[in-house]
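Please look through the sequence and the model shown below before reading on. The paragraphs that follow move from the whole to single residues.

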Amino acid sequence: MSATAPRLTPDSPPPSAPADGRDVTRPVPFLRAVKAVFDLSLEGMVWSRRSLLMVALLFGPALLAVAVRIALTRLPPRVGAFDLYGLMIAFVYVRNALPLAALFYGTALISDEVEGKTITYLLTRPSQRVSVLAGKFASYLVTTLAMALPAVVITFFVLNTIRGWSGIGALVPELFRDMGVIILTLVVYGAFFTLMGVLLRRPVIPGLLFLFVWELLANAPGYLPRFTITAYLRSLIHHHPPDEGLAEIFAQVLPTALCLEAVGGMIVVFLAGAAWIFSTREYVLDQ
Amino acid sequence: MTRSRLVVLGATVVVAAGAMAALGALYLDPARAAVGPLPPQALSLPAGTRYVMGLDIKRFVASPLYAKYAAARTANRPQAFEELEQKTGLNPERDLDQVYVAGTQAGVPGRNGDALVVVTGRFDRAKVARAIETERKGVTSKNVSGTVVYLFNENAAGKGSGATAFLDDNTLVMGTQASVEQTVTARAKGEAPLRNNAPLLALLEGVKPGSTFWMVGDQTLLSNMPKAIPGPGGPGTSQSIELPALKSLTVTGDLDPQVSLDITGEAADEPAAKNLADVVRGFVALASLQANQKPELKQLASAISVTTEASRVHVAARVPYEVLDSLQPKRAATAAPPNAQ
C-alpha cells in the first residue's frame with residue numbers, strides 16, 4: 001500500500017531550517033555538493049557485496065595470469081604471453097568484465113537509493129540534483145578504476161615478464177594504451193547504464209540483453225557495428241585475437257579518430273540525458 | 001582516513017608503481033631503437049631506401065623453429081659454423097644480434113641485387129678483415145671518409161661487384177659499392193639520411209616492437225607480386241581474381257612459442273581494402289572447406305584472422321608448431337629393419 005506516498009519533486013523545499021543558522025535557502029555550491037555525495041557514496045560502494053563480486057571478476061584474469069606463469073614452467077606453451085595478455089584485455093576486460101561492472105554499478109547508482117528509500121535524504125538537501133548524480137558517478141568511476149587498473153597492470157607484468165624483463169620496454173606503449181581504453185570503457189558504459197538506471201525501473205535485464213545480444217552487432221557487416229559501443233572500444237586497442245563465426249568473416253577496425261569522437265559523444269549524450277531525467281523526475285516512494 | 005580511501009590509495013600506489021616500472025623499462029631498455037626496430041647506425045642507410053627487412057638473430061636462434069628444423073636437420077651445420085669461426089672468430093649463433101636488409105630497386109628487373117645488408121653483433125675486426133683479404137681473390141680496399149671499404153672484383157675503372165665495410169666495431173655493412181660507400185660516408189659525417197624518408201619512417205614506426213622478423217616497404221616491394229590469381233575454375237580458365245594494388249606492406253612475426261605473423265597492407269582506398277580482405281577470407285574459407293579431408297586445415301583456418309581498418313587490411317596468423325608439423329608431407333616409409341619378415 002502506498003496511500004501516503006511522499007512526492008519528491010525537483011523543487012521540493014528543504015524540510016526544516018537547521019538549528020546552526022546556516023542559510024538553507026541557497027543551494028550548496030555544486031562542487032561541494034559533489035564532493036559530499038562522492039565521500040558518502042564511495043564508502044558504501046567500495047565496501048559492499050557487489051564490490052566483492054566485481055573484485056573476483058576483475059582480478060580473475062590476474063590470478064589466471066599467475067597460474068599461467070606457474071604452469072608455463074612445466075607445460076609447453078601454446079599461446080604467447082603477450083597474445084594471452086591481449087586476449088584478456090580484448091575479450092575479458094573490454095568485452096565482458098568491465099561492461100558487466102558498469103552495468104551492476106551504473107544501474108544501481110540511483111535505483112539503490114530509490115529501492116532503499118534513502119533517496120529522500122539526498123533530494124531534500126539544499127543542493128542541485130545534478131550534483132548528486134555527478135558525485136555518485138565519480139564514486140562509481142573511482143571504485144571501478146581502483147579495481148580494474150591494478151588488475152590490468154598486474155596481469156601485464158605477470159604475463160610479459162615470463163621470459164625475463166628484456167624487451168618489455170617495447171610493450172609499454174600498449175600498456176598505457178590499454179589503460180586509456182579501460183578508463184574509456186568504464187566511463188562510456190557507466191554513463192550508458194546510469195542513463196538506463198534513471199530511465200528504467202528494472203534496468204538489469206535490459207542491460208544484460210544490451211551487452212550480450214545487441215552488442216553482437218559489432219561482428220556484423222557494413223555499418224551495423226557503428227550502432228554498438230564495443231565496436232569503437234575494441235577498435236581502439238591493438239589486440240585483435242582471432243575470432244570465429246561472424247566475427248571472423250566481418251571483423252573490421254574503425255578509424256581511431258572516429259572511435260574517439262563517437263565515444264566522447266556518447267559519454268556526453270548519456271550523461272546529459274541521465275542528468276536531465278534525474279533532475280526533472282518525480283520520485284514517488286512506496287510506504 | 002576511511003577504509004574506502006585506503007583501498008583507493010592502495011590501488012593508486014599499485015598503478016603508479018606499475019606505470020613507473022613501465023616507464024623505466026621503456027627508457028632504460030638497452031635495446032631501445034632509434035626509429036621503430038632500427039638501431040641508430042641503420043639510419044645511415046640511403047634516403048632512397050624503399051624497403052627494409054630485419055631479423056633478430058638472438059630470438060631466431062632461441063626459437064623452437066630453429067631448434068626443431070634448422071638445428072636438427074642439417075648435420076653438417078656445426079662444421080660449417082666451426083670453419084667460419086676458425087677463419088673469422090665469428091659464431092653467428094652466438095655473436096650476431098640483428099640483420100637488416102634494405103634496398104631501393106626490389107621491383108626493377110635486373111636490379112634486384114642492390115640490397116644493402118647491415119649486420120650488428122660482436123666481431124673480431126682483425127680476424128674478419130684478414131679473412132676478407134685472404135679468403136677470396138680480387139679483394140681490394142680503399143679509404144672512404146676514414147673507413148676501409150673492401151671491394152670485390154674491382155675493375156680498371158675502380159668499380160667493384162660488391163663491397164663491405166665496418167661502420168663501427170659492432171656493425172658490418174655489405175652490398176653494392178655505391179650504396180656501401182654512401183652509407184659509410186653518411187655514418188662518418190654523422191648524418192642520418194633515412195630520416196628524410198618520411199613514408200618509410202612512418203612504416204617503421206608501425207612495426208610491432210620486439211618482433212623476431214619484420215619487413216616494411218612501399219609498392220616497389222610488391223611490384224613483382226602477381227596482379228591476379230586464378231579463380232575457382234583453376235589455372236587456364238577465364239575466371240581470375242584481380243588483386244587490388246597495395247601502397248605499402250608491413251610484416252612482423254615471432255617464432256616463440258608459436259609462429260605468429262601480422263601483415264598489414266595499405267590499399268588505395270577502403271573498397272580496395274575490403275576487396276583484398278574478402279579475397280584472403282575466401283582462401284581461409286576454402287581451407288576450412290577442406291577440413292573434412294584434412295582436419296589440420298581447420299586448425300590453420302581458425303588460426304588466421306582478417307580485419308580491415310579504413311584502407312588497411314590486417315591479417316594475423318597464430319599457428320602452433322603442432323599444426324605446422326601436421327601440414328608437413330608424410331615422410332616416406334623408412335627402410336624395413338634387417339630382421340623384418
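Chain B has an average pLDDT of 78, and 81% of its residues score at least 70; pLDDT is the predictor's confidence in each residue, on a scale from 0 to 100. Where pLDDT is low, the predicted coordinates should not be read in detail. The model as a whole scores ipTM 0.82 and pTM 0.67. Because this is a predicted model, local features need a pLDDT of at least 70 and side-chain atom pairs count only at pLDDT 80 or more, while totals for chains, interfaces and linings use all residues; side-chain values use heavy atoms, with hydrogens and water left out. Residues are numbered from 1 along each chain as its sequence is written, and chains are lettered from A and ligands numbered from 1 in the order in which they are written.

Consider next the make-up of chain B. It contains 11 helices and 14 strands; helices (H or I, at least four residues) and strands (E, at least two) are DSSP runs, numbered from the N terminus. Of the 341 residues in chain B, 43% are buried. Here buried means under 20% relative accessible area, exposed means over 50%, and partly exposed lies in between, with a 1.4 Å probe and protein chains only. Among the contacts in chain B with a separation of 6 or more, 60% join residues 24 or more positions apart; a contact means heavy atoms within 4.5 Å.

Two strands are said to pair if DSSP finds at least two bridges between them.

Strand 8 (residues 213–218) of chain B pairs with strand 11 of chain B in the antiparallel sense over six bridges, and Gly217(B) stands opposite Leu249(B) in strand 11 of chain B. Strand 11 (residues 246–254) of chain B in turn pairs with strand 12 (residues 259–267) of chain B, again in the antiparallel sense, over eight bridges. These two strands of chain B, strand 11 and strand 12, form a hairpin with four residues between them. Leu246(B) stands opposite Ala267(B) in strand 12 of chain B. Strand 12 of chain B also pairs with strand 14 (residues 312–319) of chain B, in the antiparallel sense and over eight bridges; there, Ile263(B) has Val315(B) of strand 14 as its bridge partner.

Two residues show contrasting surroundings. Thr120(B) lies in strand 3 (residues 116–121) of chain B and counts as buried, at 8% relative accessibility. Apart from neighbours within four places in sequence, Thr120(B) is in contact with several residues, including Gln41(B), Leu96(B), Tyr100(B) and Asn170(B). Gln219(B), in the loop between strand 8 and strand 9 (228–230) of chain B, counts as partly exposed at 43% relative accessibility. Gln219(B) and Leu249(B) are 30 residues apart in sequence, and their C-alpha atoms are 7.7 Å apart in space.

The backbone also deserves attention. Most residues other than glycine have a negative phi. Ser145(B), however, has a positive phi, near 50 degrees; Ser145(B) lies in the loop between strand 4 (139–144) and strand 5 (147–152) of chain B. In chain A, Lys117(A) has a positive phi near 60 degrees and is placed in the loop between helix 4 (108–115) and helix 5 (119–123).

Finally, how do the two chains meet? In the interface, 40 residues of chain B are in contact with 42 residues of chain A. The chains bury about 3200 Å² between them, 63% of it on carbon and sulfur atoms; buried area is the accessible area (1.4 Å probe) that two parts lose on being put together, summed over both. Ser4(B), Val15(B) and Pro257(B) supply 14% of the area that chain B buries against chain A, more than any other three residues. One salt bridge is counted between chain B and chain A, where a salt bridge is a side-chain nitrogen of Lys or Arg within 4 Å of a carboxyl oxygen of Asp or Glu. Asp39(A) forms a salt bridge with Arg5(B), the closest N and O atoms being 2.2 Å apart.
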